[in-house]
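Me: I have a structure open here and I'd like to talk it through. Can you take my questions one at a time?

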Amino acid sequence: MLSCKQYVARASDQLDGQLSVRERLQARHHLMFCPNCRRFIKQMRLMGATLKALPVPLPSDLEATVARMMSEHSRQR
Ligand SMILES: [Zn+2]
């Protein structure tokens with residue numbers, strides 16, 4: 001099973017539909033057992049929808065933003 005860190009590293013690719021079938025299954029499997037990441041991906045989706053609604057390209061520091069969100073997210077436990 002993926003760790004939360006591995007899952008989060010793939011989360012943005014998952015939202016972009018860029019994972020292979022195998023990676024997608026692993027991601028779904030992780031979400032089934034991990035409420036924290038379910039909440040995280042929900043926030044990511046909301047954020048993605050918001051970003052897509054804006055007429056600007058994605059920030060190049062998106063990965064840093066995700067890493068920051070994840071560390072905040074794990075502190076909330
Ligand atoms: Zn997780």
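Predicted model: local features only at pLDDT ≥ 70, side-chain atom pairs only at ≥ 80, totals over all residues.

Me: Which atoms coordinate the zinc ion?
Reply: Cys4 (SG), His30 (NE2), Cys34 (SG) and Cys37 (SG) coordinate the zinc ion. The distances are 2.0 to 2.3 Å.

Me: What spacing do those donors follow along the chain?
Reply: The donors of the zinc ion follow C-x25-H-x3-C-x2-C.

Me: Why is the arrangement called tetrahedral?
Reply: The four donor atoms around the zinc ion subtend angles of 101 to 113 degrees, which makes the arrangement tetrahedral.

Me: Switching topic. How many helices and strands does the protein chain have?
Reply: The protein chain has four helices and zero strands. Along the sequence, the pattern reads α-α-α-α.

Me: Tell me about helix 3. Which of its residues are buried?
Reply: The buried residues of helix 3 are Asn36, Cys37, Phe40, Ile41, Met44 and Gly48. Seen down the axis of helix 3, they fall within an arc of 120 degrees, so they line one face of the helix.

Me: Why would residues with gaps between them point the same way?
Reply: An α-helix has 3.6 residues a turn, so residues three or four places apart point the same way.

Me: What covers the buried residues of helix 3?
Reply: The cover includes helix 1, helix 2 (21–33) and helix 4.

Me: And which exposed residues sit on the face turned away?
Reply: That face of helix 3 carries the exposed residues Lys42, Leu46 and Ala53.

Me: Now helix 4. Which residues are buried there?
Reply: Leu62, Thr65, Val66, Met69, Met70 and His73 are the buried residues of helix 4. They cover an arc of only 135 degrees around the axis, which puts them on the same side of helix 4.

Me: What do they pack against?
Reply: The buried residues of helix 4 pack against helix 1 (4–15) and helix 3 (35–53).

Me: Last one. What is the radius of gyration of the protein chain?
Reply: The protein chain has 12 Å. A compact globule with 77 residues would have a value near 11 Å, so the two agree. Buried residues make up 30% of the 77 residues.

Conventions
Residues numbered from 1 in each chain as written. Heavy atoms only, no water. Buried < 20%, exposed > 50% of the residue type's maximum accessible area, 1.4 Å probe, protein only. Helix = DSSP H or I, 4+ residues; strand = E, 2+ residues; numbered from the N terminus. Arc of directions from axis to C-beta. Contact = heavy atoms within 4.5 Å. Donors = N, O, S within 2.8 Å, 3.2 Å for Na, K, Ca; no water. Tetrahedral: all angles 85-135°; square planar, octahedral: opposite > 155°, others 65-115°. Rg over C-alpha atoms; globule rule 2.2 N^0.38 Å.
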